[in-house]
Amino acid sequence: MSTSLITLGTADWLALLTHFLSLSLLAVGGAITTVPDMHRTLVNQHHWLSDGQFNASIAIAQAAPGPNVLFVALMGWHVGLNAGGGLGAGWVGWGSALLGVLLSMLGILLPSTTLTFAVSRWAHQNRELRAVRAFKQGMVPVVLALLLATGWILTAAHGADLAHWPLWLLTACVAVLVWRTKLHLLWLLGAGALVGALGWV
Amino acid sequence: MASPFPDSPATCDATSPTPHPRPHSLTELFWAFTALALQGFGGVVAIAQRELVDKKRWLTQAEFVEDWAVAQVLPGPNVVNLSLMIGDRYFGVRGGMVALAGMLSFPLVIVLVLAALFAGVSDSAMVQGALRGMGAVAAGMIAATGLKLFAALKQNVLGALVCYALAAMTFVAIALLKLPLISVLLGLGGIGALWAYRQLGRLEKAPA
């Protein structure tokens, strides 16, 4: 996944920030539910990062400990790398990559964090209110289906044609194992890395 | 309020009606959330429950579930919202910020180091393959989280038929038609919320 060079002006950095700002309040069910929109904007529309970098961001954040929202920081990191010429470019590369991290995390967290502070106290007081309960329950099926759609899109990013059937099989097997067993997720990630490194998927 | 012996819960709670342990300082809050974030591979919520409820007993099981419901409904990462709410309760906005910093600081450094290491070897076919395999596994994990939570739809006031219809339409709209998220959330989510509002109204009117 060599760095693909792009040029970002001030307006583009602002657009990166506002993209994540605009998704923050839509991320009901976690930032991962906005992955389809991130892919549409960052990869398909602006070409700020490649499909490979996009998926690596999610895979690395999943493999590492901590909240999965850090995949957003890695997307910013990769956009910054592409804009600054990579870590080989010295301070410019590092600065650009860290700016990407800062703007993307600020964007994805600032609106939702502010809202959480404002609403959580109020919701705690009014948890029996009909409108509060209706909002919670009405959103549930949509949010759950979004998780399934995210799994689908991440797999399809590698190719939806028949030639990629081993990848789809791997995803489906993992989905069933995680759904039905308490197998530790690290074993599954390790197994995925192994079959991938051996070139089986 | 402040006990002269903050580390001896048996004595410091003797005068209070509910012996409810709580974090005594922002530093303790920070390290508590750092510790649970660093244990959380592929999902922090299970660790958060074990640490905050079972071990530290800052929250009862009922309080945790209630907070989790709100954290889930609000936009933003669930565990991030949860850490904000808990920190806020003990130390106000400062507490929320400190809990959030605990949740993100060390894990952020770890993912950046992993990404930097990865960049050095990224052109190797084996690394490319490993990442592709891990990506497929991650995709399966995310889908499985959705599948697991489908069990919760049984108690949903919408009823099974409406739930599955909304879920199916959402999947088609996002995964196959690739519609923008906002229109799907406002459209299908709005229909769901309005329908739930109507159903709840009926339940309230109907005699138990």
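Select A:Leu109, A:Thr113, A:Thr116, A:Phe117 and A:Ser120 in H5(A), then B:Val80, B:Asn81, B:Leu84, B:Met85, B:Asp88, B:Val93 and B:Gly96 in H5(B): the two sets meet. Contact requires C-beta atoms, placed from the backbone, within 7 Å. Six of the residues in this contact are nonpolar, five polar and one charged. Here Ala, Val, Leu, Ile, Met, Phe, Trp, Tyr, Cys and Pro are nonpolar, Asp, Glu, Lys and Arg charged, and the others, Gly among them, polar.

This is a predicted model, where local features need pLDDT of at least 70 and side-chain atom pairs 80 or more, while totals for chains, interfaces and linings use all residues. Residues are numbered from 1 along each chain as its sequence is written, and chains are lettered from A and ligands numbered from 1 in the order written.

Next, show H5(A) and H5(B), residues 78-120, as helices. Helices are DSSP runs of H or I with at least four residues, and strands are E runs of at least two, numbered from the N terminus. The two axes, lines fitted to C-alpha atoms over the stretch in contact, come within 10 Å and cross at roughly 65 degrees. H5(A) is therefore roughly perpendicular to H5(B), a term for angles of 65 to 115 degrees.

Now widen the selection to both chains: 88 residues of chain A are in contact with 89 of chain B. On the chain A side, H6(A) gives the largest share, 24 residues. That side divides into 59 nonpolar, 23 polar and six charged residues.

Definitions and conventions:
Axes fitted to C-alpha atoms, helices over the stretch in contact; angles between N-to-C directions. Parallel < 35°, antiparallel > 145°, perpendicular 65-115°, else oblique.
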